[in-house]
Amino acid sequence: MGRTSAISLNAIVKNIRKMARHPQIALRLASLQTEKWFFDLLNPRVDEGFAKKIRQVSFRITDICNLRCTTCGQWGKDGFLHGRDQKELKKQEVSLDRYVEVLSDLVREGHRPFVYLWGGEPMLYEGSVELIERASMMGLPVSIATNGTHVAANARRLAAAPMFLLQMSIDGHCAEVHNRARPALGGMNNFAAIEAAFQAVRRERETQGGSLPLIASLTVISRTNSRHLVDIYETFRDRADLFVFYLSWWIDEERARLHDEDFSRRFGFTPTLHWGWTGDWKPDDCDALERQMKTLEDVSRGLNAPPVIFIPNIRGGDDLRTYFTDHRARFGFDRCISIYQAVEVNSNGDMSPCRDYHDYVVGNIKERSITELWNSARYRQFRRSLTKDGLMPACSRCCGLMGY
């Protein structure tokens with residue numbers, strides 16, 4: 001089996017005391033990773049496209065966002081949501097009650113997955129906090145990827161739920177760099193929202209005597225911040241429990257055109273959403289980036305220093321240059337198993353096997369449950385295609401392949 005992402009041992013060791021009070025979450029993380037390692041042994045019907053346990057349910061609960069980040073394939077320069085009416089997008093969203101119904105059905109059917117909320121900006125979904133609370137009451141660990149909006153105001157409820165993992169996007173060590181990488185509508189200061197969120201959540205954790213949510217800093221490496229990665233770590237090292245640095249997901253136009261052809265041949269229609277992720281978001285000096293990554297490894301070695309995770313974990317100036325300039329290279333990530341473990345649900349309820357390039361829809365959770373769709377004929381067709389015919393051109397830069 002090819003290369004897959006793995007839960008960082010360093011991250012586990014350094015946060016083991018915080019997790020000790022939540023052994024069920026730790027066991028589920030271990031089970032997820034074990035299935036990755038022994039995937040073929042534990043999944044004998046892969047050739048049929050048949051999947052077993054649902055390990056993660058990913059809800060992109062809203063497309064609405066108050067930022068226009070330079071590396072975003074949704075609302076960035078060429079993002080696929082440009083020109084869409086936001087009021088119409090809001091009207092199409094899945095209701096809170098329906099989310100609760102489909103999660104309850106998962107539990108009844110023996111699936112107890114991690115629940116991952118993202119967007120858009122997920123905290124702009126009106127029922128986001130209640131959804132976190134309801135899922136947590138079912139025993140489902142919830143994580144969220146947020147730009148910090150409304151987090152400080154809801155810190156008490158997030159800590160009380162408790163939410164498992166709070167992932168906050170931080171693309172700069174100061175307001176000038178961060179806000180340049182993540183410009184906000186209306187000129188708001190998103191960096192200030194991040195700082196307020198850190199302060200409020202850590203205060204509530206202490207006040208309530210809990211260890212959750214774990215707080216992760218998420219950084220998408222770009223031209224804007226590639227020389228400031230160590231600065232980001234040093235600025236927030238006393239506030240975050242771990243740091244994740246993404247090499248960024250984007251494809252070039254050649255791969256996008258090839259993806260059009262390959263996808264059409266397999267499934268009979270031409271996809272469009274991957275074109276939102278075309279770009280050239282590479283750092284200006286990959287050798288300098290490698291030095292930053294090496295320094296991050298060094299400064300995070302101490303027992304009390306928060307761990308650092310690189311996704312994908314590609315190192316060395318030459319390999320980094322290849323990652324950003326040769327989109328044929330997959331660095332050993334030649335098999336997608338997220339389609340056998342994780343569910344992706346779009347804001348309008350459409351369910352897809354693929355997070356980043358979700359043109360292929362198997363059904364809608366407003367009409368059918370996740371468990372009904374999980375091994376439906378259409379879902380299994382997609383899995384069989386990737387198992388038999390291999391990955392598609394756009395897959396070479398996908399978080400479902402390299403980051404899940």
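**Figure 1. Asp280 and its salt-bridge partner Arg223 in a predicted model.** Asp280 counts as partly exposed because its relative accessibility is 39% (buried is under 20% relative accessible area, exposed over 50% and partly exposed in between, with a 1.4 Å probe and protein chains only). Arg223 and Asp280 form a salt bridge whose closest N and O atoms are 3.4 Å apart (a salt bridge is a side-chain nitrogen of Lys or Arg within 4 Å of a carboxyl oxygen of Asp or Glu). The pair links distant parts of the chain, 57 residues apart: Arg223 is in the loop between strand S5 (214–220) and H11, and Asp280 is in the loop between helix H12 (253–267) and helix H13 (286–299). Helices (H or I, at least four residues) and strands (E, at least two) are DSSP runs, numbered from the N terminus. Arg223, at 44% relative accessibility, is likewise partly exposed.

Residues are numbered from 1 along each chain as its sequence is written. The model is predicted, with local features needing pLDDT of at least 70 and side-chain atom pairs pLDDT 80 or more, while totals for chains, interfaces and linings use all residues; side-chain values use heavy atoms, without hydrogens and water.

**Figure 2. The salt bridge between Glu195 and Arg239.** The side chains meet at 3.9 Å, N to O. Glu195 lies in helix H10 (residues 190–208) and Arg239 in the loop between helix H11 (229–236) and strand S6 (242–246), so that the pair links parts of the chain 44 residues apart. Glu195 is partly exposed at 32% relative accessibility, as is Arg239 at 23%.

**Figure 3. Asp262 and Arg265 within helix H12.** The closest N and O atoms of this salt bridge are 2.5 Å apart. Because the two residues are three apart in the helix, about one helical turn separates them. Asp262 is buried, with a relative accessible area of 13%, whereas Arg265 is exposed at 56%.

Figure 4. Lys14 counts as buried, at 16% relative accessibility. Beyond neighbours within four places in sequence, Lys14 is in contact (heavy atoms within 4.5 Å) with residues including Ser300, Arg301 and Pro307.

**Figure 5. Leu103 in the largest nonpolar core.** This core has 131 residues, and Leu103 is among those that touch the most other members, as are Phe59 and Met351. A nonpolar core is a set of buried Ala, Val, Leu, Ile, Met, Phe, Trp, Tyr and Cys residues joined through side-chain atoms within 4.5 Å. Apart from neighbours within four places in sequence, the contacts of Leu103 include Phe59, Val115 and Leu140.
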